[in-house]
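Here is a short tour of one protein structure. Keep the sequence and the 3D view side by side as you read.

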Amino acid sequence: MRIFKEEQRFNQIWLILVIATSVLAAIGIIISAYVEDHNSLSAIELVAIIGLLVFASGFIFLFKLNTRIDENGISYKFFPFHWSCRQIQWNEINNAYVRTYDALGEYGGWGIKGGKIWNTSKGKAINVSGNIGIQFELNNGKKLLIGTQKKEDAEKVLATYKTKIDYNA
């Protein structure tokens, strides 16, 4: 395998249910308060608040993690935090492998995690779900873990470019 591509989003059923339940409960409370006292909000304010709640709660579903591994190295983009791809060349990588990890225990959850706030020895993680990631150990001592749902494909492409990593080790 020569090229690995993956796009991931926050689309877990449990997450959708938690957000939908929270938003519906909040909307119910707001509408109930409005029905009891029409003077508390205007109809326009009521619609605006409900619209803002729906938009804010749905914003997480716009997040997207794109990963690509090819002959040049790895590139990744976690929209909306990264507006362009971040590139790591093979000659910057000391080691790369697929591993199982504990998102909450090792990095404090999902998203862009780690670094200065949480368990600095683990480095940074960029993930949206699951517990499988591609671990990169860089020549500068930094570590980056990128979550994947395609374990076998990631292992195959890393095996393809293993000589580029070993050469630089």
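Two strands pair if DSSP finds at least two bridges between them. Helices (H or I, at least four residues) and strands (E, at least two) are DSSP runs, numbered from the N terminus. The model is predicted: local features need pLDDT of at least 70, side-chain atom pairs count only at pLDDT 80 or more, and totals for chains, interfaces and linings use all residues. Residues are numbered from 1 along each chain as its sequence is written, and side-chain values use heavy atoms, without hydrogens and water.

| Pair | Bridges | Direction | Opposite residues |
|---|---|---|---|
| E7 (residues 124–127) and E9 | 3 bridges | parallel | Ile126 and Ile146 |
| E8 and E9 | 5 bridges | antiparallel | Glu137 and Lys143 |

E8 and E9 form a hairpin, with 4 residues between them. Gly141 lies in the turn and has a positive phi of about 90 degrees. Is E9 buried or exposed? Because 4 of its 5 residues are buried, E9 is largely enclosed by the rest of the structure. Buried means under 20% relative accessible area, exposed over 50%, and partly exposed in between (1.4 Å probe, protein chains only).

**The core**

A nonpolar core is a set of buried Ala, Val, Leu, Ile, Met, Phe, Trp, Tyr and Cys residues joined through side-chain atoms within 4.5 Å. The largest one has 34 residues. Ile69, Ile93, Ile134 and Phe136 touch the most other members. Helix H1 (13–36) and strand E9 (143–147) are among the elements that each supply at least two residues. H1 gives the most, with 6 residues.

**On the surface**

Phe55 sits in helix H2. Phe55 is exposed, with a relative accessible area of 54%.
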